[in-house]
Amino acid sequence: MSLHWFSPPVAVKTSRVGVTYQCNSVEGAAEQLLQWTKRGPKWHSAVQLCMDAMVERVKPELVRRAFLEAAKEEGKLLSS
């Protein structure tokens, strides 16, 4: 399985103190999303878009935008 890349990366906080993650793929976004606890409406949208992108229904850039918004909602976004 090939990764679905996007750019520029989205920097988010991780559950490990002082560790950040530079997310630059749909698969990486999905992995991060599954670790978050709030799971609000933007989280749900981002998860659905990740699944759609993995089967080529949407472009990775759309996932990037949704992941960025979900990270803001969760309080995990480090930079935009």
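Residues were classed as buried at under 20% relative accessible area, exposed at over 50% and partly exposed in between, with a 1.4 Å probe and protein chains only. The structure is a predicted model, in which local features need pLDDT of at least 70 and side-chain atom pairs count only at pLDDT 80 or more, while totals for chains, interfaces and linings use all residues. Residues are numbered from 1 along each chain as its sequence is written, and side-chain values use heavy atoms, with hydrogens and water left out.

Helices (H or I, at least four residues) and strands (E, at least two) were taken as DSSP runs and numbered from the N terminus. A nonpolar core was defined as a set of buried Ala, Val, Leu, Ile, Met, Phe, Trp, Tyr and Cys residues joined through side-chain atoms within 4.5 Å. The largest such core has 21 residues. Those with the most contacts inside it are L33, W36, C50, V63 and F67. At least two residues of this core come from each of β1 (5–13), α1, α2 and α3.

Helix α1 is mostly covered, with seven of its eight residues buried. The buried residues are V26, E27, G28, A29, A30, Q32 and L33. They pack against β1, β2 (20–25), α2 and α3. Contacts were counted where heavy atoms lie within 4.5 Å. Q32 belongs to helix α1 and is buried at 5% relative accessibility. Residues up to four places away in sequence aside, Q32 touches V12, K13, T14, Y21 and F67.

W36 sits in the loop between α1 (26–33) and α2 (41–54). The residue is buried, at a relative accessible area of 3%. Beyond its neighbours within four places in sequence, W36 contacts V12, W43, F67, A70, A71, E74 and K76. V19 is 17 residues from W36 in sequence, and the two C-alpha atoms are 15 Å apart.

Aromatic geometry was examined next. A pair of aromatic rings is described by the distance of the centres and the angle of the planes. Rings of Phe, Tyr and Trp (its six-membered ring) were paired if their centres lie within 6.5 Å; planes under 30 degrees apart count as stacked, over 60 as edge-to-face and the rest as tilted. The structure holds one aromatic pair. The ring centres of W36 and F67 are 5.4 Å apart and the planes are at 20°, so the pair is stacked. W36 lies in the loop between α1 and α2 and F67 in helix α3, so the pair ties together parts that are 31 residues apart in sequence. F67 is buried, at 0% relative accessibility.

Side chains of opposite charge can pair when their charged atoms come close. A salt bridge was scored when a side-chain nitrogen of Lys or Arg lies within 4 Å of a carboxyl oxygen of Asp or Glu. The count comes to three salt bridges. One joins E69 and K42, at 3.5 Å from N to O. E69 lies in helix α3 (residues 60–74) and K42 in helix α2, so this pair ties together parts that are 27 residues apart in sequence. Both ends are partly exposed: E69 has a relative accessible area of 29%, and K42 has 38%.

E69 also forms a salt bridge with K72, the closest N and O atoms being 3.4 Å apart. K72 and E69 are three residues apart in helix α3, about one helical turn. K72 is partly exposed, at 43%. Another salt bridge joins D52 and R57, at 3.6 Å from N to O.

Cysteines were checked for disulfides, defined as pairs of cysteine sulfur atoms within 2.5 Å. The structure holds zero disulfides. The sulfur of C23 has its closest cysteine sulfur in C50, 7.8 Å away and too far for a bond. C23 is buried at 0% relative accessibility, and C50 is buried at 1%. Apart from neighbours within four places in sequence, C50 is in contact with V26, A29, A30, L33 and V63.
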